[in-house]
Amino acid sequence: LLESLEAELAEKDMEELYREIEEPLARILASMELSGVRIDPEVLRQMGRELTEKILRTEEGIFKLAGQAFNINSPKQLGTILFEKMGLPKGKKTKTGYSTDADTLEYLAADYEIAGRILEYRQYAKLKSTYVDAMCNLVNPLTHRIHTIFKQDVTTTGRLSSIEPNLQNIPVRTEEGRKIRRVFTAQGDKVLVDADYSQIELRVLSHIADDQAMQEAFANNMDIHLSTAAKVFGILPEDVTFEQRSRAKAVNFGIVYGIGEFSLSEDLKISMKEAKKYIEDYLAHYSGVASFMKNIVASAYENGYVETILNRRRYIDELKSSNKQVRMFGERVAMNAPIQGSAADIIKVAMVKVYKKMKEMNLQSKLILQVHDELIIEAVPEETDLTAKLLKDCMEEAVQLKTKLTVDVNTGKSWFETK
């Protein structure tokens with residue numbers, strides 16, 4: 001296969017992507033898997049105890065509100081309690097009864113306490129089973145570390161994925177989820193150095209779309225969400241409220257994922273008319289982004305694929321479908337894949353640079369983790385400042401964009417402390 005695959009790489013202009021990034025990255029990931037990351041067993045046990053208590057307490061509260069005990073994990077029993085016994089408004093119908101999925105419960109939670117409690121219960125139960133219990137079983141008894149398995153060939157965007165455990169899925173939006181990071185610690189007197197790209201997808205978007213307004217906001221070190229809110233609402237930045245900034249943030253990140261007015265109205269709990277106006281005002285201000293979205297979809301229909309800044313291709317067969325919903329999904333993929341894929345390319349370039357530099361300098365510190373837009377080094381004390389600077393420089397200089405990449409670096413004994 002070598003000859004035909006090399007010819008195909010050349011024809012699709014992907015030789016550099018393979019030779020300079022993916023091939024060396026395989027060795028780097030092997031080194032990271034062998035190194036692993038230390039897990040503090042006492043913190044893990046303590047977290048298990050805390051979550052068990054919270055699960056039991058939440059369960060008691062649910063039974064009290066329902067007036068009886070039942071199996072909360074059974075959708076059928078839960079549906080019977082909520083919709084037949086308590087008479088809550090019914091949602092989608094399923095084969096076994098009425099839906100009790102997260103969307104249904106979130107909708108009900110605004111008016112019914114029991115729905116919010118069930119969501120809480122599910123969150124605690126998932127954290128305990130997916131992370132605490134699973135990690136207890138995954139700690140290597142000889143190294144006292146977790147050796148996650150990184151995969152290069154799973155995601156369609158080019159992002160890395162990992163299993164045993166899935167580190168890319170560690171929740172960060174809730175306080176309880178963030179606490180999981182306390183378990184990941186540095187060995188002995190070593191320190192974790194964590195470097196995280198700041199708003200990399202929006203910076204990539206401003207570069208690919210060549211949007212002057214967005215580039216200007218980043219160049220002036222403005223809070224991009226605040227800046228967007230001021231422009232969209234037609235007010236001064238100092239007059240922007242917390243709620244207005246939050247809404248602008250939802251639009252900023254939603255646009256990257258090809259969000260529509262229906263999804264935005266659901267996310268922000270506003271009318272579709274308001275959501276439509278937000279999107280229209282946003283695209284009127286960021287005209288480069290508006291042109292990019294229109295042109296990239298047209299290009300995807302014509303070529304059948306989109307590309308990242310390093311020529312990684314994402315083929316979009318959904319655009320050939322006769323089903324309108326499937327085609328619309330394909331259009332959202334066309335808008336998002338070049339952004340998310342380019343961000344993935346950039347951090348991979350950074351990993352190759354960091355690893356090479358550390359080898360050249362013969363450092364004892366090791367690159368041990370990559371999660372989305374952040375890299376983590378376990379550093380020996382005397383190399384902490386050096387590795388912090390090395391991470392920042394290599395990540396910020398990974399590729400040259402029209403919008404400067406910026407990186408936040410923090411150190412701590414645990415991954416939680418670095419945030």
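How many helices and strands does the protein have? The protein has 16 helices and 13 strands, where helices (H or I, at least four residues) and strands (E, at least two) are DSSP runs numbered from the N terminus. This is a predicted model, in which local features need pLDDT of at least 70 and side-chain atom pairs count only at pLDDT 80 or more, while totals for chains, interfaces and linings use all residues. Residues are numbered from 1 along each chain as its sequence is written, and side-chain values use heavy atoms, with hydrogens and water left out.

**Overall form**

- Along the principal axes, the C-alpha atoms of the protein fill a box of roughly 65 × 55 × 55 Å.
- Of the 419 residues, 46% count as buried, a term that stands for under 20% relative accessible area, with exposed meaning over 50% and partly exposed in between (1.4 Å probe, protein chains only).
- The protein exposes about 21600 Å², of which carbon and sulfur atoms supply 51%; accessible areas come from the Shrake-Rupley method with a 1.4 Å probe, and for residues only the protein chains shown count as cover.
- Among contacts (heavy atoms within 4.5 Å) between residues at least 6 apart in sequence, 64% join residues at least 24 apart.

**Helix H4 and Leu78**

- In helix H4 (residues 75-85), the buried residues are Leu78, Gly79, Ile81, Leu82 and Phe83. They cover an arc of only 165° around the axis, which puts them on the same side of H4; the arc is that of the directions from the helix axis to the C-beta atoms.
- On the other side of H4, Lys76 and Glu84 are exposed.
- The cover over the buried residues of H4 includes helix H3 (41-66), strand E3 (97-98), helix H5 (102-109) and helix H6 (113-138).
- Leu78, which lies in helix H4, is buried with a relative accessible area of 0%, and, leaving aside its neighbours within four places in sequence, Leu78 is in contact with Phe70, Ile72, Thr100, Ile118 and Arg122.
- Just after H4, Gly87 takes a positive phi of about 70°.

**Helix H9**

- Helix H9 (residues 212-219) has Met214, Gln215, Ala217 and Phe218 as buried residues. These cover an arc of only 160° around the axis, which puts them on the same side of H9.
- Gln212, Glu216 and Ala219 are exposed on the other side of H9.
- The buried residues of H9 pack against helix H8 (200-208), helix H10 (224-233), helix H13 (272-285) and helix H14 (287-303).
- At the N-terminal end, Asp211 caps H9 through a side-chain oxygen that lies 3.1 Å from the backbone nitrogen of Ala213, whereas just after H9 Asn221 takes a positive phi of about 55°.

**Strand pairing**

- Three strands form an open sheet in the order E4-E1-E7, with antiparallel pairing; two strands pair if DSSP finds at least two bridges between them. The edge strands are E4 (145-146) and E7 (184-185), each of which pairs on one side only.
- Strand E1 (residues 37-39) and E4 pair in the antiparallel sense over two bridges, and the bridge partner of Arg38 in E4 is Arg145.
- Strand E11 (residues 366-371) and strand E12 (residues 374-379) pair in the antiparallel sense over five bridges, and the bridge partner of Lys366 in E12 is Glu378.
- E11 is mostly covered, five of its six residues being buried.
- The hairpin of E11 and E12 has two residues between the strands, and in this hairpin His372 takes a positive phi near 55°.

**Ser162 in strand E6**

- Ser162 lies in strand E6 (residues 161-163) and, at 2% relative accessibility, counts as buried.
- The side chain of Ser162 reaches the backbone nitrogen of Leu167 at 2.9 Å.
- Not counting residues up to four places away in sequence, Ser162 touches Thr148, Ile149, Phe150, Leu167 and Gln168.

How values were computed:
Polar contact = N/O pair within 3.5 Å; in protein donor to acceptor, adjacent residues only side chain to side chain.
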